[in-house]
Amino acid sequence: MPHVSTVIGHALGAGFAALASVRRPHPIHPHGVQLHGSLRRTGSALRTGVPWFDEAGAAPVRVLARASRSAGLPAPLPDVIGLAVRVDGDAGPADLELASTGRGWPSRFWLLLHRSPSRAHLGSLFPYRTPTGPVLVAARTRAPADLPMAPEALGERLQAEPWRLTLLVARPRGAWHPFAELELAREPGPLDPLLRFDAGRHPLPGTQQYDWARRARQPSYDRVQRGAARG
């Protein structure tokens with residue numbers, strides 16, 4: 001009998017493939033804005049056994065990011081807000097994918113609609129596997145307090161001032177602990193060029209993906225990206 005996560009994964013994969021056939025290149029998070037910036041690791045009071053979380057970095061590192069609206073509903077309607085961040089490391093790129101969720105238990109495991117990225121708690125949904133057990137990652141805005149929802153308006157705002165966020169780590173039921181500071185801004189160029197992030201294939205340094213999480217999420221990623229390549 002197939003594992004329940006395998007069944008879920010194939011069902012999601014089929015659904016996203018169908019959506020990709022009519023909404024390309026992004027079947028979900030169709031409208032977004034490309035951002036550039038830096039990530040500075042400050043270390044965490046939560047000891048995970050992963051230096052990337054636990055220890056301060058020697059210097060900030062450059063990142064590529066994309067902020068987006070999940071369903072693509074027109075502003076000012078609320079939507080699930082997404083933020084994907086790519087960090088280049090010694091072992092290659094690492095992708096962090098976040099979406100607006102609750103902050104507490106159990107709401108950190110479901111998606112929530114928001115009208116502004118500034119007010120959203122952006123969580124990883126799926127836990128990362130570390131030497132000391134599962135952890136979740138999240139981001140919270142420090143400034144500005146009133147970022148707009150529409151990608152065009154968000155891009156204009158972030159050309160004028162950067163988006164400053166704190167990255168946090170937590171056990172599935174535990175308190176959130178800051179471990180890094182992220183700063184993102186809009187640079188000249190296309191508003192939303194085709195970018196592909198894959199947190200499953202490009203995990204954060206020192207972490208692994210749980211097998212059940214891979215079975216649940218990877219089929220949808222693979223089918224969407226194959227569909228986009230054919231389109």
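How many bridges join strand 5 to strand 7? The answer is in the first of these close-ups, which all come from a predicted model.

**Figure 1. Strand 5 meets strand 7.** Here you're looking at residues 121–123 (strand 5) beside residues 133–143 (strand 7). Two bridges join them, and the strands run antiparallel. To find your way around, look for Gly-123: its bridge partner in strand 7 is Ala-138.

**Figure 2. A hairpin leads from strand 6 into strand 7.** Strand 6 covers residues 128–130, and a hairpin of two residues connects it to strand 7. These two strands are antiparallel, with three bridges between them. Spot Tyr-128, and you'll find Val-135 of strand 7 standing opposite.

**Figure 3. Strand 7 also pairs with strand 8.** Strand 8 takes in residues 163–170 and runs antiparallel to strand 7, with seven bridges joining the two. Ala-138 turns up again in this view, this time opposite Leu-168 of strand 8. A handy rule for looking at views like this: in a regular strand, side chains alternate between the two faces of the sheet.

**Figure 4. A look into the second largest pocket.** This pocket has a volume of about 340 Å³. Its lining is made up of 21 residues, and the ones nearest the centre are Trp-52, Asp-88, Gly-89, Asp-90 and Pro-205. Sorted by class, the lining has 12 nonpolar, five polar and four charged residues.

**Figure 5. Trp-52 pairs up with Phe-179.** Searching the whole structure turns up six aromatic pairs. In this one, the ring centres of Trp-52 and Phe-179 sit 5.6 Å apart with their planes at 55°, so the pair counts as tilted. Trp-52 belongs to helix 2 (residues 51–54) and Phe-179 to strand 9 (residues 177–185), so the pair ties together parts that are 127 residues apart in sequence. Both Trp-52 and Phe-179 are buried.

**Figure 6. Trp-105 and Phe-109 sit edge-to-face.** This aromatic pair has its rings 5.6 Å apart, centre to centre, with 85° between the planes. Are these residues buried or partly exposed? Trp-105 has a relative accessibility of 43%, so it counts as partly exposed. Phe-109 has a relative accessible area of 32%, so it is partly exposed as well.

Definitions and conventions. Residues are numbered from 1 along each chain as its sequence is written. This is a predicted model: local features need pLDDT of at least 70, side-chain atom pairs count only at pLDDT 80 or more; totals for chains, interfaces and linings use all residues. Side-chain values use heavy atoms; hydrogens and water are left out. Two strands pair if DSSP finds at least two bridges between them. Helices (H or I, at least four residues) and strands (E, at least two) are DSSP runs, numbered from the N terminus. On a 1 Å grid over the protein atoms alone, a cavity is a set of points where a 1.4 Å probe fits but cannot get out, and a pocket is an open set with protein on both sides within 12 Å along at least five of seven lines; lining residues have an atom within 4 Å of a point. Grid points are joined across faces, edges and corners, and a volume is the space filled by probe spheres set on the points. Ala, Val, Leu, Ile, Met, Phe, Trp, Tyr, Cys and Pro count as nonpolar, Asp, Glu, Lys and Arg as charged, and the others, Gly among them, as polar. Rings of Phe, Tyr and Trp (its six-membered ring) pair if their centres lie within 6.5 Å; planes under 30 degrees apart count as stacked, over 60 as edge-to-face and the rest as tilted. Buried means under 20% relative accessible area, exposed over 50%, partly exposed in between (1.4 Å probe, protein chains only).
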